[in-house]
Amino acid sequence: MDTKEAIVLGCLAGGAMTLTIAMVYRHSLPFSEFFIVTFLSISSSFAGGKILLWASSRTLLFTTSAILMIFLLWQYVSNKIHIQYRLSMIIIIPIGILHGLLQGSIGMAGPILAIYALLRKWTKETALATLNMVAFLSLATVSITQYFNGLYTKQLINISPYAIISTVAGSSLSVYALKYLKSSIFKKLMILMISFSSLVLFIR
């Protein structure tokens, strides 16, 4: 399976996973921010889908890796000089646009919203509700766009049910573990996720 097929499959499996978790934490959803970022993300995801058609896989992976590395560097520096901040909701505008572009082009925009959650100092429940609900709606839109762009192959259609079922099963089990996870540990895990994503994208 090549990179572009893997991206399409990741969008399908990711949609199933994010919907499962979002439904559990739906009562913690901050509606104003949710609607803004969803509108911006879905609007820009169509452009991201077009980027996937003409941009090389290496360019897409390297660009996303660079964005994540810049954030991690900034996070490290701010911690070293003890900056305490909670940025305004206005930053959701560039975050929402970037989220849609990345979701449509490489199917991996979760770390971008994780960055927003850290900057806004959201609770664990708020972060999980928003990140997963926005990701699901974006992934659903992207998957439809990918279908009409002719990116679904026979091999992909045959293996996608197995990927979706296993993803939902794993997500359901993870929900129970998240209930007992402290907020400080959750924040560290989000930073670890961003770091790992950046490293994997850079290597690929």
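The largest nonpolar core has 32 residues, and Leu131 and Ile194 touch the most other members. A nonpolar core here is a set of buried Ala, Val, Leu, Ile, Met, Phe, Trp, Tyr and Cys residues joined through side-chain atoms within 4.5 Å. Two or more residues each come from helix H1 (3-24), helix H2 (31-54), helix H3 (57-80), helix H4 (92-105), helix H5 (110-120), helix H6 (124-148), helix H7 (154-178) and helix H8 (183-203). H5 gives the most, with 8 residues. Another core, of 6 residues, lies apart from this one; Val8, Leu9, Leu151 and Ala163 are among its members.

This is a predicted model: local features need pLDDT of at least 70, side-chain atom pairs count only at pLDDT 80 or more, and totals for chains, interfaces and linings use all residues. Residues are numbered from 1 along each chain as its sequence is written, and side-chain values use heavy atoms, with hydrogens and water left out.

**Overall fold**

- The protein has 8 helices and 0 strands. Helices (H or I, at least four residues) and strands (E, at least two) are DSSP runs, numbered from the N terminus.
- Along the sequence the pattern reads α-α-α-α-α-α-α-α.
- Of the 204 residues, 46% count as buried. Buried means under 20% relative accessible area, exposed over 50%, and partly exposed in between (1.4 Å probe, protein chains only).
- Take contacts between residues at least 6 apart in sequence: 88% of them join residues at least 24 apart. Contact means heavy atoms within 4.5 Å.

**Helix H5**

- 10 of the 11 residues of H5 are buried, so this helix is largely enclosed by the rest of the structure.
- The buried residues of H5 are Pro111, Ile112, Leu113, Ala114, Ile115, Tyr116, Ala117, Leu118, Leu119 and Arg120.

**H5 against H6**

- The axes of H5 and H6 come within 10 Å and cross at roughly 150°. Axes are lines fitted to C-alpha atoms, for helices over the stretch in contact, and angles run from 0 to 180 degrees between N-to-C directions.
- H5 and H6 are therefore roughly antiparallel to each other. Angles under 35 degrees count as roughly parallel, over 145 as roughly antiparallel, 65 to 115 as roughly perpendicular and the rest as oblique.
- H5 supplies Gly110, Leu113, Ala114 and Ala117 to the contact, and H6 supplies Ala127, Leu131 and Val134.
- By class, this contact of H5 with H6 has 6 nonpolar, 1 polar and no charged residues. Ala, Val, Leu, Ile, Met, Phe, Trp, Tyr, Cys and Pro count as nonpolar, Asp, Glu, Lys and Arg as charged, and the others, Gly among them, as polar.

**H4 against H6**

- The axes of H4 and H6 come within 9 Å and cross at roughly 50°. H4 and H6 are therefore oblique to each other.
- His99, Gln103 and Gly104 of H4 meet Val134, Ser138, Leu139 and Val142 of H6.
- The contact of H4 with H6 has 3 nonpolar, 4 polar and no charged residues.

**Tyr152**

- Tyr152 sits in the loop between H6 and H7. At 22% relative accessibility, Tyr152 counts as partly exposed.
- Tyr152 and Glu5 are 147 residues apart in sequence, yet 7.6 Å apart in space, C-alpha to C-alpha.
- Neighbours within four places in sequence aside, Tyr152 is in contact with Val8, Leu12, Ser143, Gln146, Tyr147 and Ile157.
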